[in-house]
Amino acid sequence: MKHNVEIGSFILRVVLGITFFLHGLSKFQGGIENTAGWFASIGLPGFLAYLVAVIELAGGIALIVGLGTRIISALLAMIMLGAILKVKLGAGFLGNGQGSGYELDIVLMAIAVFLALNGSFLLSIDAKLPRSTDTQRKRAERTV
């Protein structure tokens, strides 16, 4: 059973990492200044766009390789909560015909919360670090 949970956590970690890496990358490719301007237009400080984009881009890479999974996931969950409350909530769960709803955002947030609570040690850098507990390391090594 624990083996299956660790495999599932690994899949969630990598998929979440790829998803956020690509979202962060698109913010830079589309012109981060444009994203900062959009943040300002909805009442958020423009500099937050830079912070969100860096967390998404670097955090996505970190998740893919399994570095700081719990911390990065907690940050991404907070970003998704902010996106839901500030941008998507008014459109409803499935959207309102003019914009998308928050169904994808809530799924990404749920995955991030799961990883923040449980971690993911299969094929991760976290499992190889000395500060990881012996139990975590052994769990990761058993599942490989």
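Visitor: In which helix is Glu33 found?

Guide: This is a predicted model, in which local features need pLDDT of at least 70, side-chain atom pairs count only at pLDDT 80 or more, and totals for chains, interfaces and linings use all residues. Residues are numbered from 1 along each chain as its sequence is written, and side-chain values use heavy atoms, with hydrogens and water left out. Helices (H or I, at least four residues) and strands (E, at least two) are DSSP runs, numbered from the N terminus. On that basis, Glu33 is found in α2.

Visitor: Is Glu33 buried or exposed?

Guide: Buried means under 20% relative accessible area, exposed over 50%, and partly exposed in between, with a 1.4 Å probe and protein chains only. The C-alpha atom of Glu33 is separated by 8.4 Å from that of Ala49, 16 residues away along the chain. Because its relative accessible area is 55%, Glu33 is exposed.

Visitor: How many helices and how many strands does the protein chain have?

Guide: From the N terminus on, the elements run α-α-α-α-α-α. The count for the protein chain is therefore, by the DSSP runs, 6 helices and 0 strands.

Visitor: What percentage of the residues of the protein chain count as buried?

Guide: Contact means heavy atoms within 4.5 Å. Among contacts in the protein chain with a separation of 6 or more, 63% join residues 24 or more positions apart. Of the 144 residues of the protein chain, the share that counts as buried is 37%.

Visitor: Which helix supplies the largest share of the lining of the largest pocket?

Guide: Lining residues have an atom within 4 Å of a point, and the largest pocket has 25 of them, with Phe39, Val52, Glu56, Ile79 and Ala83 nearest its centre. At least two lining residues come from each of α1 (2-29), α2 (32-41), α3 (47-65), α4 (69-88) and α5 (103-118). The largest share, 9 residues, comes from α4.

Visitor: How do the residues of the lining of the largest pocket divide into nonpolar, polar and charged?

Guide: Ala, Val, Leu, Ile, Met, Phe, Trp, Tyr, Cys and Pro count as nonpolar, Asp, Glu, Lys and Arg as charged, and the others, Gly among them, as polar. The lining of the largest pocket then divides into 17 nonpolar, 3 polar and 5 charged.

Visitor: At what angle do the axes of α3 and α4 cross?

Guide: Axes are lines fitted to C-alpha atoms, for helices over the stretch in contact, and angles run from 0 to 180 degrees between N-to-C directions. The axes of α3 and α4 come within 10 Å and cross at roughly 145 degrees.

Visitor: Which residues of α3 and α4 make the contact?

Guide: The crossing of α3 and α4 is left-handed, meaning that the near helix is turned anticlockwise from the far one by less than a right angle, whereas clockwise would be right-handed. By class, the contact of α3 with α4 has 8 nonpolar, 3 polar and 1 charged residues. The α3 side comprises Val52, Ile55, Glu56, Gly59, Ala62 and Leu63, and the α4 side Thr69, Ile72, Ser73, Leu75, Leu76 and Ile79.

Visitor: Which residues does Leu76 contact, leaving aside its neighbours within four places in sequence?

Guide: Leu76 is found in helix α4 and counts as buried because its relative accessibility is 0%. Its C-alpha atom is 8.4 Å from that of Phe20, 56 residues apart in sequence. With neighbours within four places left aside, Leu76 is in contact with Phe20, Ile55, Glu56, Leu63 and Ala112.

Visitor: What is the phi of Leu123?

Guide: Most residues other than glycine have a negative phi. Leu123 lies in the loop between α5 and α6 (134-143) and, at 55% relative accessibility, counts as exposed. Although Leu123 is not a glycine, its phi is positive, at about 50 degrees.

Note on methods. On a 1 Å grid over the protein atoms alone, a cavity is a set of points where a 1.4 Å probe fits but cannot get out, and a pocket is an open set with protein on both sides within 12 Å along at least five of seven lines; lining residues have an atom within 4 Å of a point.
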